Structure formats: C-alpha cells, structure tokens
Amino acid sequence: MVAAATVLLVLGVVVSTDTTTGDAIDAEATANDAYTTSIAAKTATTTPAASPSVGALFSDGEHFCSGSVVHSPAGDVVLTAAHCVNDGDGTGNHDGLTFAPGYHDGVAPYGMWTATVAAVPAGWASGGDPDLDFAFLTVRQEGTPASVESLTGANTLGTHHGFTNLITLTGYPDDADAPVVCQGVTTRSGTYQQRVECPGFPDGTSGGPWVIDVDAATGDGTVIGVIGGYQYGGDSPDVSYSSYFDSDIKDLYDSVTG
C-alpha cells in the first residue's frame, strides 16, 4: 500500500491521506510466507507475563481498548487500533483518552497518561477502511518530566514482515483488570489482513499488539499488528485480526514522529 504525504489536522486528530487501491504486496512479504513450513505446526499457548509497555486505554473512567508504547525519538507514542480512537464513519472521535501502561488489578503502576494528539489514516476516518485500522497517540503525564517509554520500554514498529509469524498477543478484556497473553502463529486473511487463533480475546482487547522477536528480559520486541481490521478484530474471542503493517502505517508513524 502506498500513502500520500499530505497530513491534515481535523478536530484534534491528525489524519493522513492514503490509498489501498491497486497496491501490490511487496516481494519481502511474499517471500516471508515461506516461513509457514517451519512454524505452522505450532499451536497457540497461553503465557503468563505481559510487558509493562502494554496497557489499557480508558475513557470516562472505564477501560475499553488496549494499546502499547512504540519506540519513538521523544518516547511518547502509543500504538492502538483506529476504531479505538475514531468512529470511522466521519462522525467524530473518542475524546478524553488516557493510557495506563502495565495496568493490573485496578492499579496503574506507571500512572495515567493523557492522549494529546491522535493520528489515524484518512481512509479510516472517512470510511472505516478495515485495512487501515491502526492509530498512534501522543501521550504525556502532568508533572512527569520522563517519557512513558523511558519508564516502560517500548516495541519497535515493524513493517513488511509477511503474513506468517509466531507472535505474542496481549490485550485487556472489558470485564477484566489484568491482561490476557497468548502465543500463536499468524496467517493471511485477504489482501491486507492477517489473523491468529488465540483463545480469550473479547471486547476490550482491540488495539492489543502483535509482537515478534520478544526479548525474554524486557518482554518487548517488534510490533507487526494490533487487534483490529476485519470486523473490528473479529467476531469470535478466539480468532483475532489485524490490518497488515506496510508503508501506510510507516507513513502515519513518520507524520507523528517528525
């Protein structure tokens, strides 16, 4: 997918113009699909720990989506799903967002971080394009000179990694105060969609990161997807979807980080 460079400021949300029509998946992604033969036999397994860089998104005092810190020069960027930020039908945005990294059992160990700017693709904001269901939040904490990344660590944004990868998936169900974590193998689902079978990811886990090459010490790695895309992430809690991360998300990231 190829995104145009224009960036517009609309109702406090940075909206980048983009297109998914007639684009080709690059050779890197196609070649990477050969990875299937070496890992397709692996089955999803539940794992106990979550990285502190993953957290819950709150609005009006309730958590309703998930997000994760992604590495940036200023250390203040959080990745989530676009549908957690913007309605995707041209009617408006979800305002008053805060992010609680490492949230568990009603405790926000790193405090609450206020989203000051939300960046979504124009193709999502105007028409809810499921192939563009990703967003970046710029966050700050009043009275805290440190960046969120300096406290929690961060994943690195990854693009063009193909459709078959062993990932660690993390998210916060609406009815739980602790994250669910699963390892699973992704597969392709449509031209710009990927899916993974992982049990127990209901409403609230949208925006949760799909991470490869996880460091055992930090829990961070390279994020190649977030729960979203097809049917806002899927209609079953046991199968999750993500928009494919390619040049569109890289262009949006660049518009946020400068």
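The legends below describe close-up views of a predicted model.

**View 1. Phe163 and Tyr244 form a stacked aromatic pair.** Seven aromatic pairs turn up in a search of the whole structure; rings of Phe, Tyr and Trp (its six-membered ring) pair if their centres lie within 6.5 Å, and planes under 30 degrees apart count as stacked, over 60 as edge-to-face and the rest as tilted. For Phe163 and Tyr244 the centre-to-centre distance is 4.3 Å, with 20° between the planes. The pair links distant parts of the chain, 81 residues apart: Phe163 lies in the loop between strand 10 (156-157) and strand 11 (166-171), Tyr244 in the loop between strand 16 (239-243) and helix 5 (247-257). Helices (H or I, at least four residues) and strands (E, at least two) are DSSP runs, numbered from the N terminus. Both Phe163 and Tyr244 are buried (under 20% relative accessible area; exposed is over 50%, partly exposed in between; 1.4 Å probe, protein chains only).

**View 2. The charged end of Arg188 sits over the ring of Phe163.** It is 4.4 Å from the ring centre; the criterion is NZ of Lys or CZ of Arg within 6 Å of the ring centre and within 35 degrees of the ring normal.

**View 3. Pro179 is found in the loop between strand 11 and strand 12 (180-188).** Pro179 counts as partly exposed because its relative accessibility is 24%. Leaving aside neighbours within four places in sequence, its contacts (heavy atoms within 4.5 Å) are Ala50, Tyr103, Thr170, Gly171 and Tyr172. Ring pairs link Tyr103 and Tyr172 with Phe58 into a cluster.

Residues are numbered from 1 along each chain as its sequence is written. Local features need pLDDT of at least 70, side-chain atom pairs count only at pLDDT 80 or more, totals for chains, interfaces and linings use all residues, and side-chain values use heavy atoms, with hydrogens and water left out.
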